[in-house]
Amino acid sequence: MTTLPPFIPPTHAAVAITAPRQPLQLTTLPTHPPLPSEALIRVTWTASTPLNLHRADGGLLLGDVSATNPFILGSSFGGTVVALGSELSHVRVGDKVFGFVQDGEPKEAGFQEYVTVPVWRVSKLPRGLRLKQAVAVPTNLVTAFHTIREDLGLELPWPIPQGWVPSRADDVILVWGAASSVGMYLVQVLRHWGYRNVLAVASERHHRMLKELGAGACFDYRRENAVEEILGHIAKQHDADVLPKVPYIVDCIGSKEGTLRPLTKIAEKGTKVAVMLPVINVHAARDREPDLEMDVSKALPGEWKEGIELKGVRTHGYAKNEFFKSHLQPEIIPALLEQEVIRPNKQRVVEGSTLLERAENALSLLRDNAVSGEKLVWRVADEED
Ligand SMILES: NC(=O)c1ccc[n+]([C@@H]2O[C@H](COP(=O)([O-])OP(=O)(O)OC[C@H]3O[C@@H](n4cnc5c(N)ncnc54)[C@H](OP(=O)(O)O)[C@@H]3O)[C@@H](O)[C@H]2O)c1
């Protein structure tokens, strides 16, 4: 398609960064007609993620940003397909859809009124779900799949063969930060694929929920002796000569002092430790610039035991796995939601009188560390969906 359908405006509003640690700005972008393998979507909902804060306050991988070269925010969209390219697709005009996209890409970033995205980034909304719920899912459910498969190297066959049991079904998988958006999806995916020794670390108020989602045991990171409690639990399960006792760790937070330091006491030779990047040396605050690091090997050097495999998770490259590219968003995610295998993160709707105000209000909640066991979602457009 080379021209837009007549009812689609040629330009639309988007939320952008024009300089680090400055208020977000509203900008005007062209609406792009879809190429043969793309969909044009009217966006009505989106979700905020800590990455927005890392970009806005930390200037993370922003490039040469300015008022004339703004960085468009948003890692997810939810809306309605209004036009399709000429190729055969799994969605049709009029379908309600959602997806995980690359922020900073002006055609597809989620904080704008229209996105034009490749159809492999599009999931059809399953029956019984609303867009408000669905936008809480794709970014971090994709992260969970990518981390388990590419960083931990564990199997996630699709479809799951009848009677299939993973070869590492009983290995300990420690999910530190399990009440984060990423953590809640990790626990659910691991349970569904038959990994049955998942230990979850989160505030105590989330333990019941995490056990429902599939955690075998839960630990409270706020307790002074949390590490000893975890090590004690594992020691009861294993003979002393089985090493490593914790072969797999996912650090869903990547905080130098809050998560990585305690993990140096748990990981041992042979442990794979997958860390959500960036490593946060200093968290952003209203009066404090954050300090972020994309090289995980610089996190506490010399303090890890020999022989640990430290991996920095970078989900934006997930489509290098061709199977995930063609199946994850078009097929697997909608199926898991429809079958109620995956429960969307609890949503907290961020209010505000304009698109810009809602984006800023969500950013403030992230800056204030006010997100716990939930996902921030908000309306991009006021129309009903
Ligand atoms: N590189 C990548 O591919 C990638 C992908 C996705 C996310 N990420 C990054 O991963 C991080 C998490 O993202 P998210 O969206 O999942 O975050 P989130 O949901 O906003 O995280 C909030 C949660 O963090 C937990 N938390 C904070 N400090 C903790 C600690 N010391 N120990 C255990 N839990 C702690 C809190 O747990 P309680 O409520 O239990 O206190 C809270 O529920 C962000 O920095 C994000 O940018 C990276």
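1. The second largest pocket of this predicted model has a lining made up of Met184, Gln188, His206, Met209, Leu213, Arg343, Pro344, Asn345, Lys346, Ser372 and Gly373. Its volume is about 170 Å³. Sorted by class, the lining residues are 4 nonpolar, 5 polar and 2 charged.

2. Helix H4 (181-192) and helix H5 (207-213) each contribute at least two residues to the lining of the second largest pocket.

3. The next topic is the ligand. The ligand is surrounded by 30 residues, and the closest are Ser203, Tyr221, Val313, Thr315 and Ser372. The shell around the ligand consists of 14 nonpolar, 13 polar and 3 charged residues. Domain 1 (11-137 + 344-379) and domain 2 (140-316) each provide at least three residues of this shell.

4. Which helices supply at least two residues each to the shell around the ligand? They are helix H1 (50-56), helix H3 (138-151), H4 and helix H7 (256-264). Of these, H1 gives the most, with 3 residues.

5. In the side chain of His206, an N or O atom is 3.0 Å from an oxygen atom of the ligand. Val313 has a backbone N or O atom 2.7 Å from a nitrogen atom of the ligand, and a backbone N or O atom of Leu277 lies 3.0 Å from a nitrogen atom of the ligand. On its own the ligand has 930 Å² of accessible area, of which the protein covers 87%. His206 is also one of the residues that line the second largest pocket.

6. Leu277 should be noted for its backbone as well. The peptide bond between Leu277 and Pro278 is cis, with omega about 5°. Pro278 is placed in the loop between strand S13 (272-276) and strand S14 (279-282). A cis peptide bond also runs from Trp158 to Pro159, with omega near -10°; Pro159 belongs to the loop between H3 and strand S9 (173-176).

7. Arg21 is a residue other than glycine, yet its phi is positive, near 60°. Arg21 sits in the loop between strand S1 (11-17) and strand S2 (25-30).

Technical notes. Residues are numbered from 1 along each chain as its sequence is written. This is a predicted model: local features need pLDDT of at least 70, side-chain atom pairs count only at pLDDT 80 or more; totals for chains, interfaces and linings use all residues. Side-chain values use heavy atoms; hydrogens and water are left out. On a 1 Å grid over the protein atoms alone, a cavity is a set of points where a 1.4 Å probe fits but cannot get out, and a pocket is an open set with protein on both sides within 12 Å along at least five of seven lines; lining residues have an atom within 4 Å of a point. Grid points are joined across faces, edges and corners, and a volume is the space filled by probe spheres set on the points. Helices (H or I, at least four residues) and strands (E, at least two) are DSSP runs, numbered from the N terminus. Ala, Val, Leu, Ile, Met, Phe, Trp, Tyr, Cys and Pro count as nonpolar, Asp, Glu, Lys and Arg as charged, and the others, Gly among them, as polar. A residue is near a molecule or strand if one of its heavy atoms lies within 4 Å of it. A polar contact is a pair of N or O atoms within 3.5 Å; within protein, one must be able to donate a hydrogen and the other to accept it, and residues adjacent in sequence count only if both atoms are side-chain atoms. Accessible areas come from the Shrake-Rupley method with a 1.4 Å probe; for residues, only the protein chains shown count as cover. Domain bounds come from an automatic or database domain assignment.
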